[in-house]
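Hi everyone, thanks for coming. Please have the picture up on your screen while I talk.

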Amino acid sequence: MSSRHFDAIIVGAGPAGSSCALALRDAGWRVGIIDRKCFPRDKVCAGWVTPEVWDLLGINPAGYARNHVLQEIRRFRVGLIGGHAAEFGFDRVVSYGIRRCEFDAFLAERSKAVLVEGKQVRSLERVRGIWHINGGRWQAPVLVGAGGHFCPVARHLGARPGRCEPAVHAQELEFRLPPAWRECINASCPELYFCPDLRGYGWLFRKGDWLNVGLGRQDQAPLGVHVDAFINWLVSEGRMPELPEARMRGHAYLLASASHRKVVDDGVLLVGDAAGLAYGSSGEGIRPAVESGLMAARTLVHCKGDFSQERLREYADALVRRFARGKTARDWPAWLVRPLFRWTGFVRRFVIEQGFLRSYGPFLQDVDRA
Ligand SMILES: Cc1cc2nc3c(=O)[nH]c(=O)nc-3n(C[C@H](O)[C@H](O)[C@H](O)COP(=O)(O)OP(=O)(O)OC[C@H]3O[C@@H](n4cnc5c(N)ncnc54)[C@H](O)[C@@H]3O)c2cc1C
């Protein structure tokens, strides 16, 4: 087989694409991943990773921490923007902070797939059961769309990002902490502040010597207004000094409950943000990206060469069972929000434990049914 021909081509080397690639490689497939960026590349993201992600990936966090930034989290400061906030501690590590430039490069390399970097997928065509990428530059019978929210494979299947899709829009800035800031921002207690209408939240998240600050919301209103108000409020509250002169970076994603994208067709399926799988209460997208990558690989291996839409539908059904459930935080009536956020028992149980940290339940038995 030449460097043009693969058993499967994956578009996008984020967590979804790399997880799928590794599982297919383990099954003996020859896999090519095409990414428009060169690695290590950054990805707009806060960098929370729940403990289950390490289990899914089969990675020991302590081993990862030897060469990469890994912030253990046992404590949060949680409140409303412009309102009350309190700290909540846990007797175990409940989440981790990573830097996406490091994490994604690590996963891509570990996948052992042929990584074609710095090449944008521009055209897709299926001729007699074979996908031709960019006019035939790369060819494979199976195509996996893992290119994130704006994935070209998702567009090929009919997705129209930005039009009629109720996406979450988010902005963040990640930078190395100036030495003078290290005293005033606590690495062991990241901060989460919810919008009073519960349509989103902002964060102040220190990961070792790096700080990530940002805000995401699920609505059509201009995000910049909310971001500016949040940053000004953090500064006025003394939570951080003025931000350096740097542009916030933005991106979008779909919550699973709001995603109606077609995810399979003959010889093709979508994984991760391309399918729109983020968890409603937190926006966690890395875990569903990894899970869906593994689920897709498993289905493809089960197919034994029959990659028809009918055969791949088992993957689409498994995604519905696994991710299309759960209510978003917006379900709380707005007039109740301020009093509820003063009640620490409510914030601990419903906002942190059952909302921000809960994500999806156990993984494997659902995949086993697929
Ligand atoms: C501001 C913000 C903060 C977030 N914070 C968190 C968080 O803390 N924790 C969490 O779990 N989730 C978070 N998310 C969501 C999370 O980032 C995504 O759900 C996750 O990255 C999805 O992974 P993926 O592999 O599906 O896609 P991505 O990580 O987006 O990877 C897609 C890849 O495809 C490549 N690509 C795109 N188009 C093309 C093309 N035409 N040709 C070739 N390659 C292409 C890109 O270069 C990229 O490498 C956040 C999202 C945002 C916007």
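Predicted model: local features only at pLDDT ≥ 70, side-chain atom pairs only at ≥ 80, totals over all residues.

Residues are numbered from 1 along each chain as its sequence is written, and side-chain values use heavy atoms, with hydrogens and water left out.

Let's start with helices. Two packed helices are described by the angle between their axes and the distance between the axes. Here the axes are lines fitted to C-alpha atoms, for helices over the stretch in contact, and the angles run from 0 to 180 degrees between N-to-C directions. Helices (H or I, at least four residues) and strands (E, at least two) are DSSP runs, numbered from the N terminus.

Find helix H1, residues 15-26, and helix H4, residues 100-110: their axes come within 8 Å and cross at roughly 20°. So H1 is roughly parallel to H4; angles under 35 degrees get that label, over 145 count as roughly antiparallel, 65 to 115 as roughly perpendicular and the rest as oblique. The crossing of H1 and H4 is left-handed, which is the name used if the near helix is turned anticlockwise from the far one by less than a right angle; clockwise would be right-handed.

Which residues in H1 and H4 meet? From H1 they are Pro15, Ser18 and Leu22, and from H4 they are Arg100, Asp104, Leu107, Ala108 and Arg110. Contact means heavy atoms within 4.5 Å. By class, this contact of H1 with H4 has 4 nonpolar, 1 polar and 3 charged residues. For the classes, Ala, Val, Leu, Ile, Met, Phe, Trp, Tyr, Cys and Pro count as nonpolar, Asp, Glu, Lys and Arg as charged, and the others, Gly among them, as polar.

The residues making the contact include Met295 and Leu300 of H7 and Tyr315 and Phe323 of H8. Sorted by class, the contact of H7 with H8 has 9 nonpolar, 3 polar and 5 charged residues.

One more pair: the axes of H9 (residues 334-342) and H10 (residues 344-356) come within 5 Å, crossing at roughly 105°. H9 is therefore roughly perpendicular to H10. Leu340, Phe341 and Arg342 in H9 meet Thr344, Phe346, Val347 and Val351 in H10.

On to the ligand. An oxygen atom of the ligand lies 2.6 Å from a side-chain N or O atom of aspartate 35. For arginine 41, the distance from a ligand oxygen to a side-chain N or O atom is 2.9 Å.

Finally, the backbone. Most residues other than glycine have a negative phi, and most peptide bonds are trans. Yet the peptide bond from phenylalanine 39 to proline 40 is cis, with omega near 5°. Proline 40 sits in the loop between strands S2 (31-34) and S3 (48-49). Lysine 112, although not a glycine, has a positive phi of about 60°. You'll find lysine 112 in the loop between H4 and strand S8 (114-116).

How values were computed:
Polar contact = N/O pair within 3.5 Å; in protein donor to acceptor, adjacent residues only side chain to side chain.
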